[in-house]
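Please keep the sequence and the structure in view while reading.

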Amino acid sequence: MMASLTVFIILIIAVMVTGREYDDTRDAEIDELLKKLNKPALKSIKSPDGDIIDCVHMKNHPIYDNLLFKNHTIQMRPSSYPKGWNKEASKTQNHSMVMQLWTINGKCPKNSIPIIRTRRENILQAESVERYGRKDPNSLPQPKPTNPPSNTTNEYAIVTVNSPQGKFHGAQADINVWKPHVQTRREFSLAQIWVMGGTYPSRDTIEAGWQVFPRFYGDDKPRFFIYWTADEYKKTGCYDLRCPGFVHVNRDFVIGAPMPKVSVMGGRQASFLTTIWKDPRTGNWWLRLGYYQILGYWPSSLFSNLKNGASEIHWGGEITNYKEDSQHTSTNMGSGRFGYEGYKKASYFMNLEIEEDGVTKPPESLTPFVTNQNCYNVIRNPFHPQLGASFYYGGPGRNAMCK
């Protein structure tokens, strides 16, 4: 009896010691990551929305943490713009500078960039320190899956255009902004452009748009985000500036900050023009908001499949569905209304364009892809002189037909 009790006590102590060692190791990993992400700041600004913005000198740019870019010369402007994408904003559309809330309390000095400070609690929310800031592997949309993964967590309502020869050198769209309901902290809802190269299961992607993702950002605000991967989310890439990849050059705009304006049901609509294109001289992929805000670029050498051009462009919405209580999630996509409800109710993408063979133009044919029509859908619109190629998309998630 005493021997059994002694063994039991020894096992309890061993478990406690092992647990403490695991906690100590994880704490050390978090400290190391925070030190890497939070660079020395020339100035720090407290945003009214709760974020702390650190103004980091260009000599400490996150790109230099990537061994491939230790001697990289940062390109402050693109060498050229695609023809037709350098025009002035039309009188009927408001493409003025996107002013973020943090700028009320200050501005970053010259030769610096603003970066949202990462907090310990942000990393603690991740499934692991190693996976912090990364999407789940094999969660890219596959409109024509040859070997579909077992993962069915991610659901889409998108339109796509394909160029098997990889001739796309750019994509553009006006993206409507909403604040969708997200059921649980680990689920997200987003609207974005995907610029993709290669074939499953090792595609490269460049991504930009807005998303609500409580577990990652710590709140339910729609935030501007970017993403990249060179291996279908397996080991490379990340959100925003959570790893060295995107070369941010704009001192007036924070990647990952809340969207300043959100659409109102039946009322004012908020949107932002997003343009991604390949610089013909350097091969770098540039990102611009509106017609004026150059945010930065993804160096061409990050990628293998996107070095010469993109083979697919996707526009649309995505959510994650973790089937809490064995039911479909109630997480909204877009405005939470189906596409057929139209303007001021359903979320939209307008003025879709691509760059192909040096020409910017609306895509000739758009192929819709929807995971489950009863939960979320896509409604394509006829071409319009002012609105260009466009579509409505979205839905409420769980409903009488979506269980």
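## The open sheet

Two strands pair if DSSP finds at least two bridges between them. In this predicted model, seven strands form an open sheet in the order β9-β8-β7-β6-β14-β4-β17, and their pairing is antiparallel. The edge strands, each of which pairs on one side only, are β9 (238-239) and β17 (367-370).

Within this sheet, eight bridges join strand β6 (residues 189-197) to strand β14 (residues 312-320) in the antiparallel sense. For Ile-193, the bridge partner in β14 is Trp-315.

In soluble globular proteins, nonpolar side chains tend to be buried together. The largest nonpolar core here has 71 residues, and those that touch the most other members are Val-195, Trp-210, Phe-224, Trp-298, Ile-313 and Trp-315. A second, separate core contains 23 residues, among them Ala-126, Leu-140, Phe-188 and Phe-213.

## The second largest pocket

Rolling a probe the size of a water molecule over the atoms shows where empty space is left. The second largest pocket holds about 520 Å³ of space. Its lining consists of 24 residues, and Lys-36, Arg-134, Arg-242, Cys-243 and Pro-244 lie nearest the centre.

## Salt bridges

The whole structure contains 15 salt bridges. In one of them, Asp-54 is joined to Arg-117, with the closest N and O atoms 2.8 Å apart. This pair links distant parts of the chain, 63 residues apart: Asp-54 belongs to strand β2 (residues 52-57), and Arg-117 to the loop between β3 and α2 (120-124). Are these two residues buried or partly exposed? Asp-54 counts as buried because its relative accessibility is 4%, under the limit of 20%. Arg-117, at 30% relative accessibility, counts as partly exposed.

Another salt bridge forms between the side chains of Arg-337 and Glu-341, at 2.8 Å from N to O. Arg-337 is partly exposed at 31% relative accessibility, and Glu-341 is partly exposed with a relative accessible area of 29%. Elsewhere, salt bridges that share partners join Asp-51, Asp-219, Lys-221 and Arg-223 into one network. Lys-221 is partly exposed at 26% relative accessibility, whereas Asp-219, at 15%, counts as buried.

Terms used. Residues are numbered from 1 along each chain as its sequence is written. This is a predicted model: local features need pLDDT of at least 70, side-chain atom pairs count only at pLDDT 80 or more; totals for chains, interfaces and linings use all residues. Side-chain values use heavy atoms; hydrogens and water are left out. On a 1 Å grid over the protein atoms alone, a cavity is a set of points where a 1.4 Å probe fits but cannot get out, and a pocket is an open set with protein on both sides within 12 Å along at least five of seven lines; lining residues have an atom within 4 Å of a point. Grid points are joined across faces, edges and corners, and a volume is the space filled by probe spheres set on the points. Helices (H or I, at least four residues) and strands (E, at least two) are DSSP runs, numbered from the N terminus. A nonpolar core is a set of buried Ala, Val, Leu, Ile, Met, Phe, Trp, Tyr and Cys residues joined through side-chain atoms within 4.5 Å. Buried means under 20% relative accessible area, exposed over 50%, partly exposed in between (1.4 Å probe, protein chains only). A salt bridge is a side-chain nitrogen of Lys or Arg within 4 Å of a carboxyl oxygen of Asp or Glu.
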